[in-house]
Amino acid sequence: LKYLSVSFNQLTSLPENIGNLSSLTSLNLHDNQLTSLPESICNIYPNLTTVFFHGNQICGTLPSCLTADDIGEQNCP
């Protein structure tokens, strides 16, 4: 799997095993209802050439490989 686009699907979480998708180069998660991201995303983040996290509710602690700039604008209360 190289491309995963699950935007606009009302997802509230991602499985920890998303970090096993070592061939992934494009990840689109924008405009869901995610409140956090699993630490395992750091396993694949360096391989991603396209990634969109904006439009979720990721307002707490981020995985160690990400900054607020990386995740873009969130819908935080």
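**A close look at the loops**

Reply: Let's start with Phe8, which is exposed, at 60% relative accessible area; exposed means over 50%, buried under 20%, and partly exposed in between (1.4 Å probe, protein chains only). Keep in mind that this is a predicted model, where local features need pLDDT of at least 70 and side-chain atom pairs count only at pLDDT 80 or more, while totals for chains, interfaces and linings use all residues. Numbering runs from 1 along each chain as its sequence is written, and side-chain values use heavy atoms, with hydrogens and water left out.

Phe8 sits in the loop between strand S1 (3-5) and strand S2 (26-28). Strands (E, at least two residues) and helices (H or I, at least four) are DSSP runs numbered from the N terminus. Phe8 isn't a glycine, yet its phi is positive, at about 60 degrees. Further along, in the loop between S2 and strand S3 (50-52), there's Asp31. Asp31 is another non-glycine with a positive phi, here about 55 degrees, and it's partly exposed at 30% relative accessibility.

Now for the disulfides (cysteine sulfur atoms within 2.5 Å): the structure has two of them. One joins Cys42 to Cys65, with 2.2 Å from S to S. That link is left-handed, at -90 degrees about the S-S bond. It ties together distant parts of the chain, 23 residues apart: Cys42 is in the loop between S2 and S3, and Cys65 in the loop between S3 and helix H1 (68-71). Cys42 is buried at 16% relative accessibility, whereas Cys65 is partly exposed at 27%.

The other pairs Cys59 with Cys76, sulfurs 1.9 Å apart. Its S-S torsion is about -105 degrees, so this one is left-handed. Here too distant parts of the chain are linked, 17 residues apart, with Cys59 in the loop between S3 and H1 and Cys76 in the segment after H1. Cys59 is partly exposed at 39%, and so is Cys76, at 41%. Count the bonded cysteines in sequence order and the pairing reads 1-3, 2-4.

Skipping neighbours within four places in sequence, Leu66 is in contact (heavy atoms within 4.5 Å) with Leu37, Ile41, Tyr45, Phe53 and Ile71. Leu66 is also among the residues touching the most other members of the largest nonpolar core, a set of 15 residues; such a core is made of buried Ala, Val, Leu, Ile, Met, Phe, Trp, Tyr and Cys residues joined through side-chain atoms within 4.5 Å.
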